[in-house]
Amino acid sequence: MKSTQLFVIAVTAATVVSCKKDTLHEVVDVPATPIVAVKQKGGKPTDVKAAEGAFQILELPYGYTALEPHFDALTTEIHYSKHLLGYVNSLNKSIVGTKYETLELDAILKNLNASDAVVRNNAGGVYNHNFFLEGLGPATGKEPEGALMESINKDFGSFEEFRNQFTEASLRFIGSGWTWLVSDKTGKLKIVNTANNDNPLMKNLGITSVPILNLDLWEHAYYLKFQNRKREYVNTFFSVVNWEKIEKRYDAFPKAARSSVPTETAVEAPGTETPVQAQPVVTPKPEEKTGE
Ligand SMILES: [Fe+2]
């Protein structure tokens with residue numbers, strides 16, 4: 001009897017172990033989510049250097065974690081150390097031996113031949129990202145003040161209405177590009193979108209205003225954290241705008257930047273230009289809202 005009992009016990013134990021193995025095997029086989037597998041690299045902005053060339057990369061005025069929890073550190077790191085760095089290195093290569101080689105970045109954009117597609121994309125990519133990243137900072141909960149706030153109230157009715165119009169313009173835009181708050185010669189504010197890496201300094205767009213604030217609408221700017229929730233990304237952007245910096249841009253405009261407003265309003269004849277005209281912003285009808 002004892003040997004029979006031992007045999008039964010042994011068979012039962014083997015069956016249990018076998019079942020546990022099967023169960024464990026099924027659990028281990030659950031596929032991992034690729035986004036979860038992405039890890040922060042842990043470097044510092046000061047570790048990032050452009051290859052030798054006319055332009056160096058912007059010194060980021062904050063660390064990669066400074067915009068947390070609103071903008072995640074990994075996106076900030078990749079945005080700066082991969083995307084902006086890539087534009088700087090490409091710009092340096094693309095201007096060698098050209099008329100742009102000795103010009104400052106602003107001058108390249110203002111004197112750009114719109115058919116120089118590579119320089120147009122790289123110079124715009126550097127300028128737009130510099131402008132965007134310098135306009136951000138740790139959340140303060142503040143709203144704009146001073147002359148900028150007075151003009152926002154005058155031209156949009158209220159800060160809330162300005163935010164609404166800026167947000168809807170961003171969501172209405174399809175594809176990669178930028179939303180801008182710009183000022184004309186009189187200080188009047190308006191909102192425009194530009195496609196790809198175009199910006200208000202490019203005369204062929206006919207924007208005739210200088211940039212005050214911009215928002216990156218390329219998916220690399222938000223997809224890691226926000227995925228398809230573009231409205232949440234735009235709303236979150238307003239938590240990390242450095243309004244003191246934006247106010248200084250606007251305050252400096254009448255004194256230092258008025259002469260830099262593009263004055264050439266003529267747009268190249270159809271057929272000579274790629275389809276990257278500035279997009280006039282209008283308040284969308286409810287059924288036209290896209291981007292989420
Ligand atoms: Fe970007």
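Met149, Ile152 and Phe156 in helix H6 meet Phe159, Glu161, Phe162 and Gln165 in helix H7, where contact requires C-beta atoms, placed from the backbone, within 7 Å. By class, this contact has 5 nonpolar, 1 polar and 1 charged residues (Ala, Val, Leu, Ile, Met, Phe, Trp, Tyr, Cys and Pro count as nonpolar, Asp, Glu, Lys and Arg as charged, and the others, Gly among them, as polar). The model is a predicted one, in which local features need pLDDT of at least 70 and side-chain atom pairs count only at pLDDT 80 or more, while totals for chains, interfaces and linings use all residues. Residues are numbered from 1 along each chain as its sequence is written.

H6 (residues 146-156) packs on H7 (residues 159-172) at an angle of about 70°, with axes 8 Å apart. H6 is therefore roughly perpendicular to H7 (a class that spans 65 to 115 degrees; under 35 is roughly parallel, over 145 roughly antiparallel and the rest oblique).

A second pair, H3 (residues 73-94) and H5 (residues 117-134), packs at about 140°, with axes 8 Å apart. This angle makes H3 oblique to H5. Among the residues that meet here are Tyr80, His83 and Leu84 in H3 and Val118, Val119 and Asn122 in H5. The H3 contact with H5 has 10 nonpolar, 6 polar and no charged residues.

Turning to glutamate 247, its place is in helix H10 (residues 243-257). Glutamate 247 counts as partly exposed because it has 17 C-beta neighbours inside 10 Å (20 or more would be buried, 12 or fewer exposed). Not counting residues up to four places away in sequence, glutamate 247 touches Pro144, Glu145, Gly146 and Leu148. Proline 144 lies 103 residues from glutamate 247 in sequence, yet 6.9 Å away in space, C-alpha to C-alpha.

Notes: Axes are lines fitted to C-alpha atoms, for helices over the stretch in contact, and angles run from 0 to 180 degrees between N-to-C directions. Helices (H or I, at least four residues) and strands (E, at least two) are DSSP runs, numbered from the N terminus. Two residues are in contact if their C-beta atoms, placed from the backbone, lie within 7 Å.
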